[in-house]
Amino acid sequence: MKPSLYIVIPCYNEREVLPITAPMFLNKLTQLVAEDKISDDSRIMFVNDGSKDDTWNIICELAKSDEHFIGISQSRNRGHQNAVLAGLMEAKDKCDITISVDCDGQDDINAMDKMVEEYIGGCEVVYGVRSSREKDTFFKRTTAQGFYRFLSGMGAEVVYNHADYRLISSKVLQELANFKEVNLFLRGMIPLVGFKSTTVEYARTERLAGESKYPLRKMLSLAVDGVTSLSVKPLRLITGFGVIVALISFVGCLWALITALCGKAVAGWASMTCIICFVSGVQLICLGIIGEYIGKIYMETKGRPRYIISQRTWEE
């Protein structure tokens, strides 16, 4: 029996690029159906993440033009990760497999063919992995690669050079629904679910239209969420660092006491100022890291919903 596929596409202020990429997604879906890889009840689900432009109106018009287009809209902007999760959770009981992909046309949609083939071959999760980052700027390439290495060094299980372009079966999604954390980092959560997985390489191109909705500020925020959501190693590191600083301070105290007893103590403010500034800086850094974790705990204990669906195209 042919599997039904839902392509989940988060959208935020994408009125420029959506009319360009929507036909591309439909052509790919039609091709997969024609090749008997998926069933005709497969759908393209757009997730409007509280857009302030005409994105939702465009999605509604697409849904009217072809039954393969459907859409859901969040009550407000909640971020890319929450939008992807909303689409996945909405689709988990309606299809056999999902493929999440951004709507900007940068990810090669032809990789979907190989993803579906890997699923048919027995894999429950197929990660889209960039074959190279040659087209990225030097800054973006080095920071992105450094980020993945840093996550691995912190003990987080992530797939190198993988973002949020992936195939997930409904079986995996049912288990993912049991993960209740509010601070989402899906590229680190999916590997934690387990099941048989593999990777498919693809080349990433330039954005087809519009501007990127993921500036440096959001990338840094996602990086912090990734580290603090998946690892407690930073807390252990500052504990070890604190022990080292304490040992150095203890040695310094012994040296000061011995020199004082020998009558060789020299009054001076420079060394004292350096020591105070160093210890104070270390304390502030440690408190900042601890505070970040406490803030995450605070948000988790509230138990607020991670997304709220306000509209669905098939209910209008």
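Tutor: Before we start, a helix axis here is a line fitted to C-alpha atoms over the stretch in contact, and angles run from 0 to 180 degrees between N-to-C directions. Keep in mind, too, that this is a predicted model.

Student: Thanks! At roughly what angle do the axes of helix α1 and helix α2 cross?

Tutor: Helix α1 covers residues 18-34 and helix α2 covers residues 55-65. The crossing of α1 past α2 is right-handed. Their axes come within 11 Å, and the crossing angle is roughly 30 degrees.

Student: Which elements do the buried residues of α4 pack against?

Tutor: Helix α4 spans residues 111-120, and its buried residues include Ala111, Met112, Asp113, Met115 and Val116. The packing partners of the buried α4 residues are β1, α1, β4, β5, β6 and β7.

Student: And across the protein chain, what share of the contacts with a separation of 6 or more comes from residues 24 or more positions apart?

Tutor: Here we step back to a chain with ten helices and eight strands. Of its 316 residues, 46% are buried. For the contacts with a separation of 6 or more, the share from residues 24 or more positions apart is 83%.

Technical notes
Residues are numbered from 1 along each chain as its sequence is written. This is a predicted model: local features need pLDDT of at least 70, side-chain atom pairs count only at pLDDT 80 or more; totals for chains, interfaces and linings use all residues. Side-chain values use heavy atoms; hydrogens and water are left out. Helices (H or I, at least four residues) and strands (E, at least two) are DSSP runs, numbered from the N terminus. A crossing is left-handed if the near helix is turned anticlockwise from the far one by less than a right angle, and right-handed if clockwise. Buried means under 20% relative accessible area, exposed over 50%, partly exposed in between (1.4 Å probe, protein chains only). Contact means heavy atoms within 4.5 Å.
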